[in-house]
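Please open the model in your viewer and keep the selection panel at hand. The tour below goes from one selection to the next and says what is to be found at each stop.

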Amino acid sequence: MPASSSTIATRSVIIRARMAGLTVAVAESLTAGAVAARLADPPGASMVLVGGVVAYATAVKEDVLGVDRGLLAECGPVNPDVALQMADGVRRLLGADVGVATTGVAGPGPADGQPAGTVFVAAVASRGAATGIEYSQVRGYQLAGPRSMVRQATCGLALAALAGVLERVPRV
């Protein structure tokens, strides 16, 4: 059976990270660990994937990942700046070079003042967990479809964000 396009994309991300000598950490809200699970599938993943945090609850975003309390109070957890802080927080927490994060509303109805299908995906990179961010990106999406499709599509978007970061960070 031929490999699916998502399997090929995941393998490509793992290979790129290995070749660049980079490690990856994942912070997930609406995807609830699915991105980390996909990253763990290909051979060689253990050389790249440091770990992940499922930050489904807003308190976990703040208490574990270090997302700013004021930002969460003012904007809620479904926000581009929250996604960036989640990505950087997990990168620092787990000592990875790259952090990727997902936050959003999978549906079926609205939550936190946002309609179903609102998603933010962020990725940040830095050589060494304590150094400043060398590259960051965050993108917002309005996805259509049932909850499972929104979550699955968000996983693909997170892998694409990770691939984009890996193209921009210099190799060791």
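How many bridges join β3 to strand β4, and do the two run parallel or antiparallel? Select residues 118–125, which make up β4, together with β3 (98–104); in this predicted model, seven bridges join the two strands, and they run antiparallel. Within this pair, pick out G99, which stands opposite V124 in β4.

Now widen the selection to the whole sheet, which is open and is formed by five strands in the order β2-β1-β3-β4-β5, with mixed pairing. At the edges stand β2 (49–54) and β5 (135–142), each of which has a single partner strand, so one side of each is left without a neighbour in the sheet. From one strand to the next, the twist averages 10°.

For the last stop, select S29, Y56, V78, G104 and D112, which, among the 14 residues lining the largest pocket, lie nearest its centre. The elements that give two or more residues to this lining are α3 (58–63) and β3, so that the tour returns here to the strand with which it began. The space in the largest pocket comes to about 160 Å³, and its lining residues divide into seven nonpolar, four polar and three charged.

Conventions: Residues numbered from 1 in each chain as written. Predicted model: local features only at pLDDT ≥ 70, side-chain atom pairs only at ≥ 80, totals over all residues. Heavy atoms only, no water. 1 Å grid on protein atoms, 1.4 Å probe; cavity = no way out; pocket = protein on both sides within 12 Å on 5 of 7 lines; lining within 4 Å. Points joined across faces, edges and corners; volume = space filled by probe spheres on them. Helix = DSSP H or I, 4+ residues; strand = E, 2+ residues; numbered from the N terminus. Nonpolar A, V, L, I, M, F, W, Y, C, P; charged D, E, K, R; others polar. Pairing = 2+ DSSP bridges. Axes fitted to C-alpha atoms, helices over the stretch in contact; angles between N-to-C directions.
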